[in-house]
Amino acid sequence: MEEEFPYPVADTACRLWFFQHSLRGYAWYVPKAGGYVNVGVGSTADGLWNSGQNLKHHWELLTRKLEADGLVTGHTFHPIGHSYYVRGDVSQPRIGNAFLAGDALGLATRDMGEGISAAIQSGLRAADAIVTGGNYSVDSIPRYSLPALLGWRG
Ligand SMILES: Cc1cc2nc3c(=O)[nH]c(=O)nc-3n(C[C@H](O)[C@H](O)[C@H](O)COP(=O)(O)OP(=O)(O)OC[C@H]3O[C@@H](n4cnc5c(N)ncnc54)[C@H](O)[C@@H]3O)c2cc1C
């Protein structure tokens, strides 16, 4: 769940909160240029299911924290929900002239749910396969974000 809205941002530091209140995921506060802010909370569906919690509850906790910490005050929230698949079986990214890439193939990383890089990389590979008639594979696109974030992978 997330919301982006105009806000007179006073604190320009991004914040991420991991595993708050046993959430299998994280919440964020991201001030943007031009007086906008994006706030949100995300989790794996099975993590919520196993804990008996739901994301609306975590959204409420987040908005209370934003208010209490003075990051966003006096705002009436209207969040939007999104769902997408993280990396699973991608053994058949292509059938004939039909190519799957990005979220359509479920390429977001398993740990952070990041899918932008994989969407770009798979799109470029699909385009290359179409132009050259070569093989299309997404096998070497990383399944996890943390190794690169921690400097374990270039
Ligand atoms: C709240 C949230 C926060 C996220 N934060 C991050 C992050 O910080 N970093 C990160 O790496 N990833 C993040 N992700 C994941 C990332 O947004 C996706 O993995 C990524 O955008 C996938 O790119 P895509 O091009 O495959 O799909 P999309 O970005 O979904 O693009 C698909 C496009 O196709 C269009 N479309 C759909 N159907 C049709 C149709 N029939 N005809 C024409 N067009 C159509 C859609 O309108 C859309 O514009 C986040 C996701 C969410 C929901």
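Me: Helices (H or I, at least four residues) and strands (E, at least two) are DSSP runs, numbered from the N terminus. How many helices and strands does the protein chain have?

Reply: The protein chain has four helices and six strands. From the N terminus on, these elements follow the order β-β-β-β-α-α-β-β-α-α. The model is a predicted one, in which local features need pLDDT of at least 70 and side-chain atom pairs count only at pLDDT 80 or more, while totals for chains, interfaces and linings use all residues. Residue numbers start from 1 along each chain as its sequence is written.

Me: What are the overall dimensions of the protein chain, and into which domains is the chain divided?

Reply: The C-alpha trace spans about 55 × 40 × 30 Å along its principal axes. Domain bounds come from an automatic or database domain assignment. Here domain 1 covers residues 2-68 and domain 2 covers residues 94-149, and the C-alpha centres of domain 1 and domain 2 are 27 Å apart.

Me: How are E2 and E3 joined?

Reply: Two strands pair if DSSP finds at least two bridges between them. E2 and E3 run antiparallel and are joined by four bridges. Leu16 stands opposite Trp28 in E3, and Trp17 has Ala27 as its bridge partner in E3. The two strands form a hairpin with six residues between them, and Phe19 in the turn has a positive phi of about 55 degrees.

Me: How many bridges join E3 to E4?

Reply: Eight bridges join E3 to E4, and these strands run antiparallel. Pro31 stands opposite Val37 in E4. This hairpin has three residues between its strands, with Gly34 in the turn showing a positive phi of about 75 degrees.

Me: Is Leu23 buried or exposed?

Reply: A residue is buried if 20 or more other C-beta atoms, placed from the backbone, lie within 10 Å of its own, exposed if 12 or fewer do, and partly exposed in between. Leu23 counts as buried because it has 23 C-beta neighbours inside 10 Å. Leu23 lies in the loop between strand E2 (15-18) and E3. Contact requires C-beta atoms within 7 Å; leaving aside residues up to four places away in sequence, Leu23 touches Ser43 and His58. Buried residues make up 16% of the 154 residues in the protein chain.

Me: Which residues form the largest nonpolar core?

Reply: A nonpolar core is a set of buried Ala, Val, Leu, Ile, Met, Phe, Trp, Tyr and Cys residues joined through C-beta atoms within 7 Å. The largest here has nine residues: Ala27, Tyr29, Val37, Val39, Val41, Leu55, Trp59, Leu62 and Val72. Strand E3 (25-32), strand E4 (36-43) and helix H2 (55-68) each supply at least two residues of this core. A second, separate core has six residues, among them Ala101, Leu105, Leu107 and Ala118.

Me: Which residues are closest to the ligand, and which helix gives the most to the shell?

Reply: A residue is near a molecule if its C-beta atom, placed from the backbone, lies within 6 Å of it. The ligand is surrounded by 13 residues, the closest being Gly102, Glu114, Gly115, Ile116 and Ala119. Helix H3 (residues 116-132) gives the most to this shell, with three residues. By type, the shell divides into five nonpolar (Ala, Val, Leu, Ile, Met, Phe, Trp, Tyr, Cys and Pro), three charged (Asp, Glu, Lys and Arg) and five polar residues (the others, Gly among them).

Note on methods
Contact = placed C-beta atoms within 7 Å.
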